[in-house]
Amino acid sequence: MGSGIAQLAAVNGCEVWLHDFDSVALSKAHESISSRIQNLVLKGHLTKEKGGEAIRNLRCTSNLEDFRSVDIVIEAIVESEDVKKKLFAQLDNIVKVSAILASNTSSISITRLASVTSRPSQVIGMHFMNPPPVMKLVEIIRGASTSDDTFNATKLLAERFGKKIVCSQDFSGFIVNRILMPMINEAFYALYTGVATKEDIDAGMKLGTNHPMGPLELADHIGLDICLSIMKVLHAGLGDNKYVPCPLLVQYVDAGRLGRKKGIGVYNYSKM
């Protein structure tokens with residue numbers, strides 16, 4: 001997600017710092033972004049000049065201190081409230097007073113993330129869909145104290161990236177995952193209780209409801225660990241047992257079957 005957002009920003013004329021504490025991961029991300037931009041040039045989607053400018057716009061760092069002069073930070077780290085809060089507290093002490101702190105969280109309270117900073121009016125949710133360069137939507141979430149100026153600046157940036165905007169109140173799961181994740185969880189229950197095979201569950205939803213991808217295939221694409229994390233956030237935040245994660249989803253995550261990124265999830269990708 002982070003590299004996809006960085007690519008979007010660089011291609012649309014923004015100077016970008018891409019941060020990761022892992023220098024190897026950072027190097028791979030830079031290579032991947034550069035390769036994708038070059039492919040856009042080869043396919044005629046970008047001019048050679050624009051492609052070169054986009055690559056020059058992208059800088060990488062393992063030091064958060066390099067963020068001192070940025071106007072906005074878009075956080076796209078692990079979907080853990082504690083980890084995100086720790087980062088937001090660090091960033092609050094580094095970036096300039098006017099900077100906006102945005103989170104790409106897909107489910108965690110923006111108000112609670114803002115609470116660890118001295119600038120709650122400048123904290124906002126900016127949830128990109130995966131992969132960010134391809135998907136058209138950005139979900140913007142205002143925390144309890146998010147200012148109109150912060151919202152308007154974030155909306156303008158998303159529109160600069162060519163995205164369509166939907167706005168959500170700060171409730172667990174926001175719009176997209178409040179609806180999507182229970183569907184995925186129910187697909188796991190259908191598999192768990194023997195309603196149908198995984199192939200038939202996915203085919204039923206693709207052919208019967210015109211979804212481009214079945215819910216179990218989509219879960220593998222998202223990452224089963226992320227799906228489980230979001231279901232836990234929904235259950236804790238909304239307090240309804242209909243959001244209890246399916247035991248089969250929990251078991252797959254416990255077994256390390258996290259989806260495409262691990263080569264196996266609901267489906268085994270090593271055989272494909």
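Helices (H or I, at least four residues) and strands (E, at least two) are DSSP runs, numbered from the N terminus. The model is predicted, so that local features need pLDDT of at least 70 and side-chain atom pairs count only at pLDDT 80 or more, while totals for chains, interfaces and linings use all residues. Residues are numbered from 1 along each chain as its sequence is written, and side-chain values use heavy atoms, with hydrogens and water left out.

**Exercise 1.** Find where Phe-174 lies, and state whether Phe-174 is buried or exposed.

*Solution.* Begin with the loop between β7 (164–168) and α7, which holds Phe-174. Next, take the backbone: Phe-174 is not a glycine, yet its phi is positive, at about 55°. Most residues other than glycine have a negative phi. Finally, with a relative accessible area of 5%, Phe-174 is buried (under 20% relative accessible area, where exposed means over 50% and partly exposed in between, with a 1.4 Å probe and protein chains only).

**Exercise 2.** Locate Pro-131 and describe the peptide bond that joins Asn-130 and Pro-131.

*Solution.* Pro-131 belongs to the loop between β5 (123–128) and β6 (137–142). The bond from Asn-130 to Pro-131 is cis, with omega about 0°. Most peptide bonds are trans.
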